[in-house]
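This briefing describes a structure by chain, by domain and by selected residues. Please read it beside the sequence and the coordinates.

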Amino acid sequence: MKSFKFEAKNLDEAKKIAITELRVNQDFIEVKVLEKKGIISKTLICEATTTVEPTELGYNLLKDMFVNMNIDASIEMRRRNDKEVLYTINTEENPLLIGKAGKTLENIQFYVRNIVNLYSAEKIIVLVDIGGYKDNRKRQLEIIATKTAKDVARSRIEAKLEPMNAYERRIIHTKLSDWRDVSTTSEGENPNRYIVIKPRRR
Amino acid sequence: MPVNYEKLIKDLVTPLVVHPEDLMVKMFSEDEAMLTLQVFVHADDLGRVIGKNGRIANAIRTIAYASASRESKKITINIDSF
């Protein structure tokens, strides 16, 4: 939650300042007057706070979203620590919500991450997973990485993989980081950035 | 029960805006399978709702698109300020 203290001439001004400083929906802001100063020209010492816990807001948004879509969903929220939250979703429509190559899931995660961080003073890592997709995809990518790397090591010819997002490329870089026969680099520009597996000179 | 797209989008946009009183979501052309939604926000909120490189707008569109495809419909979302 975000909060800050400030001075204002009156309550209207205080509300305006609170909105411009916190920059979130005014329905989620509470302004409290802590102290009144001065006799002729009064000054209010105020404190403005956001009234929603960011990760709770993220949870409620997801819940409402599925209700609005008429999709039965179970959402589990897990705080790993202060800086990270994971929403694990299971529905009757997992493939639809994951989308082609995980695009819809990626967008849902991006949206929730954005909102949570809008309402949070500290940066929070927000992860969304649907039906275990991310673990499956990780396993799949590691298999592709190992297979391709073996080919490259044998043939000594570099290989390009299909375009992937940063998270997926990282899985492959990490998987092949301790290989002595090959090296990995990312080339091209987003969203078509892809990995090249190159043979290492001996 | 068919999906109420106006509510779906409104609920998604609401936490993004600073001026909820100026948020309006209207479905102004309803063909059976081709929906068009118009989202109006306060001028100060436009950047927030669209996001860097249009990524927030895109995310909202993708979510709406998935929901519509479940009903074999297509949806277009236009975002504009007053």
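Leaving aside its neighbours within four places in sequence, with which residues is A121(A) in contact? The residues are M1(A) and K2(A), where contact means heavy atoms within 4.5 Å. The model is predicted: local features need pLDDT of at least 70 and side-chain atom pairs count only at pLDDT 80 or more, while totals for chains, interfaces and linings use all residues. Residues are numbered from 1 along each chain as its sequence is written, chains are lettered from A and ligands numbered from 1 in the order in which they are written, and side-chain values use heavy atoms, with hydrogens and water left out.

**Chain A: overall form**

- Chain A contains 6 helices and 9 strands; helices (H or I, at least four residues) and strands (E, at least two) are DSSP runs, numbered from the N terminus.
- The radius of gyration of chain A is 24 Å, whereas a compact globule of 202 residues would have a value near 17 Å. This radius is taken over C-alpha atoms, and the globule rule is 2.2 Å times the number of residues to the power 0.38.
- Along the principal axes, the C-alpha atoms of chain A fill a box of roughly 85 × 45 × 30 Å.
- Three domains divide chain A: domain 1 (3-50), domain 2 (54-131) and domain 3 (135-199). Their bounds come from an automatic or database domain assignment.
- The centres of domain 2 of chain A and domain 3 of chain A, taken over C-alpha atoms, are separated by 28 Å.

- Of the 202 residues in chain A, 41% are buried. Buried means under 20% relative accessible area, exposed over 50%, and partly exposed in between (1.4 Å probe, protein chains only).
- Among the contacts in chain A with a separation of 6 or more, 53% are between residues 24 or more positions apart.
- Chain A exposes about 12000 Å², and carbon and sulfur atoms supply 48% of it. Accessible areas come from the Shrake-Rupley method with a 1.4 Å probe; for residues, only the protein chains shown count as cover.
- Chain A has 37 positive and 30 negative charges, whose mean positions are 7 Å apart. Lys and Arg count as positive and Asp and Glu as negative, while His and the chain ends are not counted; the place of a charge is NZ of Lys, CZ of Arg, CG of Asp or CD of Glu.

**Chain A: selected residues**

- R23(A) lies in the loop between α1 (11-22) and β2 (29-37). Its phi is near 50°, a positive value in a residue other than glycine.
- N70(A) is placed in the loop between α2 (54-68) and β4 (73-81). Phi of N70(A), also a residue other than glycine, is positive, near 60°. With a relative accessible area of 29%, N70(A) is partly exposed.
- A121(A) belongs to the loop between α4 (103-118) and β6 (125-130). Its relative accessible area is 54%, so A121(A) is exposed. A121(A) and R79(A) are 42 residues apart in sequence, and their C-alpha atoms are 16 Å apart in space.
- P199(A) is in strand β9 (residues 194-199). Its relative accessibility is 23%, so P199(A) counts as partly exposed. The C-alpha atoms of P199(A) and V152(A) are separated by 6.0 Å, although these residues are 47 apart along the chain.
- Not counting residues up to four places away in sequence, P199(A) touches V152(A), R156(A), I157(A), E158(A), D181(A) and V182(A).

**Chain B: overall form**

- Chain B has 3 helices and 3 strands, which follow the pattern α-β-β-α-α-β along the sequence. The radius of gyration of chain B is 12 Å, close to the 12 Å that the globule rule gives for 82 residues, so chain B is as compact as a globular protein of that length.
- The C-alpha trace of chain B spans about 35 × 25 × 20 Å along its principal axes.
- Buried residues account for 48% of the 82 residues in chain B.
- Of the contacts in chain B between residues at least 6 apart in sequence, 60% join residues at least 24 apart.
- Chain B has an accessible surface of about 4100 Å², and 51% of it belongs to carbon and sulfur atoms.
- The 10 positive and 11 negative charges of chain B have mean positions 8 Å apart.

**Chain B: a selected residue**

- F28(B) lies in strand β1 (residues 24-30) of chain B. Its relative accessibility is 53%, so F28(B) counts as exposed.
- Leaving aside neighbours within four places in sequence, F28(B) is in contact with T36(B) and Q38(B). The C-alpha atoms of F28(B) and Q38(B) are 7.0 Å apart, with 10 residues of separation in sequence.
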